[in-house]
Amino acid sequence: MRYAVVIPAAGQGKRMGANENKLMLQLQGKPIIVWTVEAFARDTWCDAIILAIRPEEEPWFRSMLNHIPTPITYVTGGKERQESVRAGLHAVTRDGVVLIHDGARPFIRVEQLRQVAQAGQTGGAILAVPVKDTVKQVDAGQITRTVPRETLWLAQTPQAFPIERIRRIHDEAAAQTFTGTDDASLFEWAGHEVAVIPGDYHNIKITTPEDLLFGEAILTKEDYR
Ligand code: CTP
Ligand code: MG
């Protein structure tokens, strides 16, 4: 099978506190976004990569990714992740499945890409991992509830969907100013089912400074080249 991937990469990395887009930061000497895009370039099922970026950063992205053989289309991202994804979805020219994957998740494996892509042919599908910690609901410094952990999963990306359906739902959400924290939540909002595929705890999102340490540690043990 074949799929296209939309990679939102137009964030500012505020929680990272660096003075640049965090995707430009390096792990083992290679920018985070390069690790991420190389993962898709290794998958022969992936025939189109759409990167949502900030226009002023386009020259940097192009120069860092000019060795990637898979065709890359650059689109202008928006103020929020959801807007960036929507812009990317409108640049997809093929039918079938689209994967949506955070530029900030560099540790993804081809087997996982294929599992979620296959599941996304018929409906929504995401990678997720079970919550390890006990989760408390808290109000004004007091526990109001202990949430049963057995039912809790942490959503990751990639998330996969039939392209025309997720594009239409993104357009509807924009028209009604509905915001979801991920693309699956938009799919759910529209009344569609989303399958969960057990993922991998290595597939972290690089968000805060300590995640760079975790990322370096992962790369000393695991081979993502
Ligand atoms: N993203 C995007 N457009 C935005 C915001 C985010 O394309 N307006 C992308 C980021 O570049 C990242 C992914 O969405 O690859 C996940 O977002 P997040 O981890 O929140 O990154 P940032 O928004 O850059 O970080 P922060 O929220 O700390 O500012
Ligand atoms: Mg953000």
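A backbone N or O atom of Q12 lies 3.1 Å from an oxygen atom of ligand 1. This distance, like the others reported here, comes from a predicted model. Two further backbone contacts to ligand 1 are listed beside that of Q12 in the table.

| Residue (backbone atom) | Atom of ligand 1 | Distance |
|---|---|---|
| G11 (polar atom) | oxygen | 3.0 Å |
| Q12 (N or O atom) | oxygen | 3.1 Å |
| K79 (N or O atom) | nitrogen | 2.9 Å |

The ligand is surrounded by 19 residues, of which G13, K14, R15, S84 and K205 are the closest.

**Surroundings of S84**

S84, one of the residues closest to ligand 1, belongs to helix α3, which spans residues 81–89. Is S84 buried or exposed? Its relative accessibility is 3%, so S84 counts as buried, the cut-off for that class being under 20%. Leaving aside residues up to four places away in sequence, S84 touches P8, A10, A52, G77 and G78. With G78 there is also a polar contact: a polar atom of the S84 side chain lies 2.9 Å from the backbone nitrogen of G78. The C-alpha atoms of S84 and V6 are 9.2 Å apart, although 78 residues separate the two in sequence.

In soluble globular proteins, nonpolar side chains tend to be buried together. In the present model, the largest nonpolar core comprises 42 residues, and Y3, I49, L51 and L99 have the most contacts inside it. At least two residues of this core are supplied by each of the strands β1 (3–8), β4 (46–53), β5 (72–76), β6 (97–100) and β7 (124–130), and likewise by each of the helices α1 (32–41), α4 (110–119) and α7 (209–221). Helix α1 provides the largest share, seven residues.

Why is α1 described as largely enclosed by the rest of the structure? The reason is that nine of its 10 residues are buried. These buried residues are I32, I33, V34, W35, T36, V37, E38, A39 and F40.

Two of the buried α1 residues, I33 and V37, are among the contacts of L51. Not counting residues up to four places away in sequence, L51 also touches I7, A9, F61, L65, I72, T73, Y74 and V75.

Notes
Residues are numbered from 1 along each chain as its sequence is written. Chains are lettered from A and ligands numbered from 1 in the order in which they are written. This is a predicted model: local features need pLDDT of at least 70, side-chain atom pairs count only at pLDDT 80 or more; totals for chains, interfaces and linings use all residues. Side-chain values use heavy atoms; hydrogens and water are left out. A nonpolar core is a set of buried Ala, Val, Leu, Ile, Met, Phe, Trp, Tyr and Cys residues joined through side-chain atoms within 4.5 Å. Buried means under 20% relative accessible area, exposed over 50%, partly exposed in between (1.4 Å probe, protein chains only). Helices (H or I, at least four residues) and strands (E, at least two) are DSSP runs, numbered from the N terminus. Contact means heavy atoms within 4.5 Å. A polar contact is a pair of N or O atoms within 3.5 Å; within protein, one must be able to donate a hydrogen and the other to accept it, and residues adjacent in sequence count only if both atoms are side-chain atoms. A residue is near a molecule or strand if one of its heavy atoms lies within 4 Å of it.
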